[in-house]
Amino acid sequence: PAGEGSATCIRIADPSGLFVAKDFLVTHNSSAGAIKAWLYGQAQPGARGAVIRNTWPALRDTTQRTVFDWLPPGVAGRYEASTKTYYCRTADGRPLELLFRAMDDRADISNVLSLDLAFAWLDEPQGGLSMRTEQNVVHEPGMAHELYQAITARLGRQKGYPPMHWLTGNPPEPGHWIAREFAYTPGKSGNDPPTNTRHVRIYLP
C-alpha cells in the first residue's frame, strides 16, 4: 500500500452508482474478444472455437452476455443451452461454433481437452476483481498455466483451419505466468500495458 490517510466517500446521482475517475481507461476486453471470434468465423466459416473463462457464473454473466449483446441469438445465430454452443451465421452458410466452457466444471475441462479446435478465446485468465451483471464485485480465480498449455495444445486440430488463440483481460502482476509466457515488461505500475511488445487498442463506443 502507498500509505494511510484521510478519505472521503462519494456517491453520484446516476442510479448505477458508477463513474470513471481521472486517468482511468474504460476497457472493453470481452467485447474485443467477441468481435475477434466473429471475425475469425467470417474469415474461416465452419470453424470451431472454445470460449473459456475460469468460472461458469463469470462466463455466463459477463463473457456470454457480451457475446449475445454483440451477436444476438435469433439474429446472428442460434444458441443451444443444453450443449452451451452458439452457432453463428457466416456468409457461406457454414456456422461458426462457439463452445462456452468454464474451468470450474470438470465436464467442461474434460470436453475442452478432447476437442478438435481451430481456436480458443480465454477471457480474464489472469483472474482478479471482476464486475458481475448485478454490479457486485467478486474475486475471480486465475487460470493455471498448465491448463492454458493443455488448451493451446488442442488448437489447430480441426483440419483446414489456422490455429489461433487470444487472451482478453487486464494486465497481470509482473510475476504472473502470463507476463512470463509473453515476456513483456509491464510498465511503471507493474499493471500497465506491455511496453516492449506490439499491441493493438480497440476503442468501442
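Predicted model: local features only at pLDDT ≥ 70, side-chain atom pairs only at ≥ 80, totals over all residues.

Q: Is Arg 48 buried, exposed or partly exposed?
A: Arg 48 counts as partly exposed, at 21% relative accessibility. Buried means under 20% relative accessible area, exposed over 50%, and partly exposed in between, with a 1.4 Å probe and protein chains only.

Q: Which residue does Arg 48 form a salt bridge with?
A: Glu 97. The closest N and O atoms are 3.5 Å apart. A salt bridge here is a side-chain nitrogen of Lys or Arg within 4 Å of a carboxyl oxygen of Asp or Glu.

Q: What's the mean pLDDT?
A: It is 82 for the protein chain, and 76% of the residues reach 70 or more. pLDDT is the predictor's confidence in each residue, from 0 to 100.

Q: Which stretch has pLDDT below 50?
A: Residues 199-205. Beyond near neighbours in sequence, that stretch has 9 contacts in the model. Contact means heavy atoms within 4.5 Å.

Q: And which elements have the lowest and highest mean pLDDT?
A: Strand S6 (residues 128-131) has the lowest, at 62. Strand S3 (residues 85-88) has the highest, at 98.

Q: Back to the charges. How many salt bridges does the structure hold?
A: It holds 7. One of them joins Asp 123 and Arg 53, with the closest N and O atoms 3.0 Å apart. Asp 123 lies in strand S5 and Arg 53 in strand S1, so this pair ties together parts 70 residues apart in sequence.

Q: Are Asp 123 and Arg 53 buried or exposed?
A: Both are buried.

Q: What does Lys 84 pair with?
A: Asp 108, in a salt bridge of 2.8 Å, N to O. Lys 84 is in the loop between strand S2 (77-80) and S3, and Asp 108 is in helix H3, 24 residues apart. Lys 84 is buried, with a relative accessible area of 15%. Asp 108 is buried too, at 6%.

Q: What about the phi of Lys 84?
A: It is positive, about 55°, although Lys 84 is not a glycine. Glu 124 has a positive phi as well, near 55°, and is also a residue other than glycine. Glu 124 is in the loop between S5 and S6. At 12% relative accessibility, Glu 124 counts as buried.

Q: Switching topic. How many residues are in the largest nonpolar core?
A: There are 21. Those with the most contacts inside it are Tyr 40, Ala 47, Val 67, Tyr 86, Leu 98 and Phe 119. A nonpolar core is a set of buried Ala, Val, Leu, Ile, Met, Phe, Trp, Tyr and Cys residues joined through side-chain atoms within 4.5 Å.

Q: Which elements supply it?
A: Helix H1 (29-43), helix H2 (56-70), S3, strand S4 (96-102) and strand S5 (119-123) each give at least two residues. S4 provides the largest share, 4 residues.

Q: What's in the second core?
A: It is separate and has 16 residues, including Leu 99, Ala 120, Trp 177 and Ile 178.

Q: Which residues of helix H4 are buried?
A: In H4 (residues 145-152), Leu 147, Tyr 148 and Ile 151 are buried. Seen down the helix axis, the buried residues fall within an arc of 100°, so they line one face of H4. The arc is that of the directions from the helix axis to the C-beta atoms.

Q: What do they pack against?
A: Strand S1 (48-53), helix H3 (106-112), S5, strand S8 (164-168) and helix H5 (177-181).

Q: Last one: how many helices and strands?
A: The protein chain has 5 helices and 8 strands. Buried residues make up 39% of its 205 residues.

Technical notes: Residues numbered from 1 in each chain as written. Heavy atoms only, no water.
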